[in-house]
Amino acid sequence: GQAASNVNQTEQSFTDGGTIWLRLASGHYRVRGGASDRIVVRWYPEGSDKMDEMKKIKVRTELSGSVATIQTDGPVRDARFIIELPSRSDLFLRMRAGDIKFEGIEGNKDLRMTAGELKVDVVPSSYSRVHASATFGEVEASEFGISKGGVKQSFTWNGGGKYKLHASLFAGEV
């Protein structure tokens, strides 16, 4: 009961099959497939002493036809975000640093971060091309039998699916 009152939320109508830009402040995010007609962003504090900080966080969702842009700003380092999107969406991520996980989203993905941990659940048969790289760090892609660490690590894979995945990170783990 009390935990539910610590959750902040914003919601926006949006149709399946669109393009979504994620311009996220450095932080902790989980992006997952949700209802086919809505974008829902929830955020909550990591500890009860951070409740006042949650009021300072700004989450904006802007729509232009079949394109949505989600932006976060403010003191997000003490928050955890859950972003639910229509499960069939093309995604573009631009984020400086943090941890982010994508799950249950079918579509093209262009994901770029400077530092942190970038995790993407994939079904290889859905993709025609997958490219992942880390300038300093690790590229782990167990679905493709890839595990590399060090400097300038990358891999490219071609398959029979219809989507493309590009994931790049300057420092950290993809």
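Select strand E11, residues 146-158, in this predicted model; Val151 lies within this strand. With a relative accessible area of 53%, Val151 is exposed, because the cut-off for that class is over 50%.

Turn now to the aromatic side chains. The structure holds 7 aromatic pairs. Select Trp21 and Phe92 for one of them: the ring centres are 4.3 Å apart and the planes stand at 10 degrees, so this pair is stacked. The pair connects distant parts of the chain, since Trp21 belongs to strand E2 (residues 19-24) and Phe92 to strand E8 (residues 90-103), 71 residues apart.

Proceed to Tyr127 and Tyr163, which form an edge-to-face aromatic pair, with 6.5 Å from centre to centre and 65 degrees between the planes. Here too, distant parts of the chain are linked: Tyr127 is in strand E10 (residues 127-141) and Tyr163 in strand E12 (residues 163-173), 36 residues apart. Display the surface around this pair; both Tyr127 and Tyr163 are buried.

As a last stop, select Tyr29, Trp43 and Phe81. These residues form one aromatic cluster.

Conventions. Residues are numbered from 1 along each chain as its sequence is written. This is a predicted model: local features need pLDDT of at least 70, side-chain atom pairs count only at pLDDT 80 or more; totals for chains, interfaces and linings use all residues. Side-chain values use heavy atoms; hydrogens and water are left out. Helices (H or I, at least four residues) and strands (E, at least two) are DSSP runs, numbered from the N terminus. Buried means under 20% relative accessible area, exposed over 50%, partly exposed in between (1.4 Å probe, protein chains only). Rings of Phe, Tyr and Trp (its six-membered ring) pair if their centres lie within 6.5 Å; planes under 30 degrees apart count as stacked, over 60 as edge-to-face and the rest as tilted.
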